[in-house]
Amino acid sequence: LLSQIAYDEADSIITLYGGNQRTQIADGADPEKCRIIPNGIDVSRYSVLGDKKAAESTGQHVALVGRISPIKDVKTYIRAARLVVDRLEDVTFYVLGTPDEDVEYYEECRALAELMDLGDSLRFMGNVDMSEYYPRIDVLVLTSVSEAQPFVLIEAMAVGIPCVATNVGGCFELLYGGDSPGDRELGAAGVVTNVNSPEETADRIIELLNDDAVAQRMATAGRARAERFYQRDTVIQRYHQLY
């Protein structure tokens, strides 16, 4: 009821991605009022990081970037890491994000990593300067059980990192393209998986680590998509025009 009141009284109804807009319309929003304005980043700030891929980096590197909390389902990421380490050599997994939001969950994650005997193959790094880490990441992973339109996927795309993400929120549209003209034609910037599926997550990570050609195509598609559709200045301009 509150949603319907808001929809009826609003002059414009804004959402981040097409899937959510379809939900709004199904819940009673007037399609004529609806429009999509996505999140945006300073793409040039991140794209330059992709141009200086860490030459000194050895082995392969996978990262989950985000706060350590149940909604990010870090435990699925840890279980996937164990499956990958069992099948590939010289792969290091990182958890890059604050443990302060849910300390109890953080301790559970550390205990799970220890139980799975991951040792130095999985590292909890806390808050870090992402400009130091993005150039060395080969695959970025998002195992969340809920998202809207995650900035971290847009950042990774701008750097040129192929992504593995759960099919929640706007992740599918970010990685495969949305309804904007020409978006889907750019190709996939990664792959989506089911929620709470370490086996599927591990399989997709391994595929990207083992196939340089596919990973490079996804990197190219991601950079092009971020450049064309997720520029912060364009987003600000669209809100300015709206107001």
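Student: Which residue comes after α2, and what's its phi like?
Tutor: That would be G28, and its phi is positive, near 115°. Keep in mind that this is a predicted model.

Student: Okay, and α2 itself, which residues are buried there?
Tutor: The helix covers residues 18-26, and G18, Q21 and Q24 are buried in it.

Student: Where do those fall when you look down the axis of α2?
Tutor: They sit within an arc of 110°, so the buried residues line one face of the helix.

Student: Why does the radius of gyration agree with a compact globule?
Tutor: Because a compact globule of 243 residues would have a value near 18 Å, and this chain has 19 Å. As for the box filled by the C-alpha atoms, it is roughly 55 × 40 × 30 Å along the principal axes.

Student: What share of the residues is buried?
Tutor: Buried residues are 49% of the 243.

Student: And what about contacts between residues 24 or more positions apart?
Tutor: Those make up 71% of the contacts with a separation of 6 or more.

Student: What about the surface, how much of it belongs to carbon and sulfur?
Tutor: Carbon and sulfur atoms hold 47% of an accessible surface of about 12,000 Å².

Conventions. Residues numbered from 1 in each chain as written. Predicted model: local features only at pLDDT ≥ 70, side-chain atom pairs only at ≥ 80, totals over all residues. Heavy atoms only, no water. Rg over C-alpha atoms; globule rule 2.2 N^0.38 Å. Buried < 20%, exposed > 50% of the residue type's maximum accessible area, 1.4 Å probe, protein only. Contact = heavy atoms within 4.5 Å. Areas by Shrake-Rupley, 256 points an atom, 1.4 Å probe, with all protein chains shown as cover. Helix = DSSP H or I, 4+ residues; strand = E, 2+ residues; numbered from the N terminus. Arc of directions from axis to C-beta.
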